[in-house]
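Dear colleague,

Please look it over before reading on.

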Amino acid sequence: MSKDHFEANRETWNEKVKVHSKSEMYDLEVFKNGKSSLMPYELNALGDVKGKSLLHLQCHFGQDTMSWSRMGAACVGVDLSDEGIRLATSLNDELKLDAAFVCCNVLDTSKHVKETFDIVYTSYGVIGWLPDLKPWGQMIAEKLKKGGTFYMVEFHPIVWMFDYLDDKLNMRYGYMQDEVIYEEYEGTYADQGSKMITKEYGWNHGLSEVINALIEAGLQIEYLNEHDESPYNVLPELVETKSGNYVTKDKLYPLIFEIKATKL
């Protein structure tokens with residue numbers, strides 16, 4: 001059934017592109033004028049990318065991909081949404097950057113992108129769209145050069161245990177859950193006032209599943225970090241900190257994790 005799930009998600013993300021490209025969160029005009037969309041976690045982790053090749057998985061409409069490109073990386077962005085890739089390509093041309101964009105299911109990346117890379121990167125709200133992380137880990141290993149770096153920063157699995165559609169937070173979903181989760185609601189994380197009806201299928205993956213998918217694919221884990229601060233104010237009742245990040249009022253659980261790994 002996952003093929004139908006992917007198709008439903010592709011249609012939803014096509015609609016999200018239209019809403020997000022006009023949203024304050026993505027702030028497209030400021031981005032066009034030179035502001036990077038990258039956050040401190042990924043900037044600190046990857047450092048100087050000048051002269052390196054970088055594959056960005058699940059790139060939406062390419063702002064992060066083009067931000068790495070502005071820093072001197074040779075970038076390819078991949079996404080399921082044809083509207084996202086269309087907008088990314090248009091922006092790349094308008095801004096006279098040299099990133100390339102490919103529309104495909106991220107699990108099929110190796111069929112569509114033949115070269116290998118110094119860095120494979122993915123971030124914020126990505127793995128929950130995938131039913132099984134083993135082929136994902138294998139694809140990452142295939143796309144990395146020997147000695148290359150994989151880096152991901154992602155919302156913590158605990159975050160996805162809650163149902164955010166009611167006013168009150170309910171812990172509803174399993175930390176490790178094989179069953180698909182279907183949600184239908186008005187608006188999106190970038191524009192909660194939008195009248196768009198979001199229909200999406202997702203899967204929850206615990207940290208052990210993420211780590212083991214990478215290890216089994218032949219990657220060596222350099223570190224796993226968990227943080228209680230998120231750079232995005234996309235969950236209910238978060239509180240802004242002095243650093244400009246956001247935390248839950250009680251800080252009882254982490255919001256973000258990051259993994260850095262090397263292909264042996």
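I begin with Asp163, which counts as buried at 5% relative accessibility, where buried means under 20% relative accessible area, exposed over 50%, and partly exposed in between, with a 1.4 Å probe and protein chains only. Its salt-bridge partner is Arg172, the closest N and O atoms being 2.8 Å apart, and Arg172 counts as exposed, at 54% relative accessibility. A salt bridge here is a side-chain nitrogen of Lys or Arg within 4 Å of a carboxyl oxygen of Asp or Glu.

Please keep in mind that this is a predicted model, in which local features need pLDDT of at least 70 and side-chain atom pairs count only at pLDDT 80 or more, while totals for chains, interfaces and linings use all residues. Residues are numbered from 1 along each chain as its sequence is written, and side-chain values use heavy atoms, with hydrogens and water left out.

The structure holds 11 salt bridges, and another of them joins Arg10 to Asp82, with the closest N and O atoms 2.4 Å apart. Because Arg10 lies in helix α1 (residues 2-20) and Asp82 in helix α5 (residues 82-94), this pair ties together parts that are 72 residues apart in sequence; helices (H or I, at least four residues) are DSSP runs, numbered from the N terminus. Asp82 is partly exposed, with a relative accessible area of 24%.

Within helix α5 there is also a pair formed by Glu83 and Arg86, which lie three residues apart, about one turn of the helix. Their closest N and O atoms are 2.9 Å apart in a salt bridge, and Glu83 is partly exposed, with a relative accessible area of 25%.

Turning to the cysteines, the count comes to zero disulfides, a disulfide being a pair of cysteine sulfur atoms within 2.5 Å. Cys59 is in no disulfide, and the nearest cysteine sulfur, that of Cys103, is 9.3 Å away; Cys59 is buried, with a relative accessible area of 5%. For Cys103, the closest cysteine sulfur is that of Cys104, at 7.0 Å, which is too far for a bond, and Cys103 is partly exposed, with a relative accessible area of 35%.

Technical notes. Helix = DSSP H or I, 4+ residues; strand = E, 2+ residues; numbered from the N terminus.
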